[in-house]
Amino acid sequence: MKLELKNLSKFYGKVRALEGVDLTLDKGIYALLGPNGAGKTTLISMIATLIRPTAGKLLWDGRDIFEMGEEYRSFLGYMPQNISYYKEFSAEMFLQYMCEMKGLKPREGRGRTTELLKLVALEDVAKRKVGSFSGGMKQRLGIAQALINDPKLLILDEPTAGLDPKERIRFRNIIHSLGEDRIIIYCTHIVPDVEHIAGRVLLLRRGKLIKNNEMGELISQMQGLVWELPLKEQVSEERMEELAISNITQHGGKLYMRIISEEQPDEEALAPEPCLEDVYMYFFNESQGEGK
Ligand code: ATP
């Protein structure tokens, strides 16, 4: 099980959406991160065979995915950003319909629908119309449809956008449980959602892959670059600007300014454990000219 991207580029006229991406993916969960316009959707659309590259190759176990066509798509699962549902369909009808679209016989489709509804904890609302579902329920139904063919390669595009914290945790647990035996590409802006489930992190900036690292390794590279300073009421706007605050955090009943800096910004500043959000802020802090 291996997906290789070789010198992959995509241009829309003169617009560079992606350039020279080299990447090999094998089993595991990959967090795909980058600011708006970085090229994430372009990359995953190519992996899903929805668009073709301008240059370069995509290979599955050494074979061109566009030449494999249906064979490749038979083990691909894709959860796009805003799935449209027929509001009048129940969850069960929708999944059975999708099973048929994927070529399952009606009996197989019914069996698979029951399994999937259970997996995403929607069995109790199987007969309810999707139009009455909450955002989180719709997202869970979205993951269920992406899993119909038990995909070896699963692509998730912003799967937790718009979900409340409880739904996000529930969703994260489902994905975590799926990560053992397949390649999962998880594209998101909600960085904490992938911190504890992804094994590797891919950072895209302006169409280029700038990082491809193991999660712990990438976070530990932030040691000595992250600071916390107690938030005092009298901090002036100028000082706030000068400190390049990445976040405000709270612990032990106190508020702290989280600062990314190569030097200790203030003698009161402490060095906390870095996290994936710090990595993101370090590389993509717009106010610092898009970080490093
Ligand atoms: P977002 O997080 O906002 O979805 P993204 O990282 O997914 O962004 P892409 O949608 O892949 O980024 O876009 C990468 C670049 O390619 C952007 O500059 C975008 O404007 C451009 N682009 C994408 N699709 C097209 C298109 N069909 N025609 C022209 N330019 C496009």
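A residue is called buried when its relative accessible area is under 20%, exposed when it is over 50%, and partly exposed in between (1.4 Å probe, protein chains only). The model shown is predicted; local features need pLDDT of at least 70, side-chain atom pairs count only at pLDDT 80 or more, and totals for chains, interfaces and linings use all residues. Residues are numbered from 1 along each chain as its sequence is written, and side-chain values use heavy atoms, with hydrogens and water left out.

**Figure 1. The protein chain and its two domains, domain 1 and domain 2.** Of the 292 residues in the protein chain, 49% are buried. The C-alpha trace spans about 70 × 45 × 35 Å along its principal axes. The chain contains 11 helices and 13 strands; these are DSSP runs numbered from the N terminus, with helices (H or I) of at least four residues and strands (E) of at least two. Domain 1 covers residues 3–219 and domain 2 covers residues 224–273, bounds that come from an automatic or database domain assignment. Their C-alpha centres lie 36 Å apart.

**Figure 2. Helix H1, residues 40–47.** Seven of the eight residues of H1 are buried, so the helix is largely enclosed by the rest of the structure. The buried residues are Lys40, Thr42, Leu43, Ile44, Ser45, Met46 and Ile47. After H1 comes Thr49, with a positive phi near 60 degrees.

**Figure 3. Helix H7, residues 165–178.** Glu167, Phe171, Arg172, Ile174, Ile175 and Leu178 are buried in H7. Seen down the helix axis, the buried residues fall within an arc of 160 degrees, so they line one face of H7; the arc is that of the directions from the helix axis to the C-beta atoms. Pro165 and Lys166, on the other side of H7, are exposed. An α-helix has 3.6 residues a turn, so residues three or four places apart point the same way.

**Figure 4. The largest pocket, with a volume of about 380 Å³.** A pocket is an open set of points on a 1 Å grid over the protein atoms alone, with protein on both sides within 12 Å along at least five of seven lines, and lining residues have an atom within 4 Å of a point. Of the 16 lining residues, Arg73, Leu76, Gly77, Tyr78 and Lys102 lie nearest the centre of the largest pocket. Helix H3 (70–73), strand S6 (76–79) and helix H4 (91–101) each supply at least two residues of this lining, and the largest share, three residues, comes from S6.

**Figure 5. Two residues with positive phi, Asn7 and Arg206.** Most residues other than glycine have a negative phi. Asn7, although not a glycine, has a positive phi of about 45 degrees. Asn7 is found in strand S1 (residues 3–12) and is partly exposed, with a relative accessible area of 48%. Arg206, also not a glycine, has a positive phi of about 45 degrees. Arg206 lies in the loop between strand S9 (200–205) and strand S10 (208–214), and at 48% relative accessibility Arg206 counts as partly exposed.

Technical notes: The expected span of a helix is 1.5 Å times one less than its number of residues. On a 1 Å grid over the protein atoms alone, a cavity is a set of points where a 1.4 Å probe fits but cannot get out, and a pocket is an open set with protein on both sides within 12 Å along at least five of seven lines; lining residues have an atom within 4 Å of a point. Grid points are joined across faces, edges and corners, and a volume is the space filled by probe spheres set on the points.
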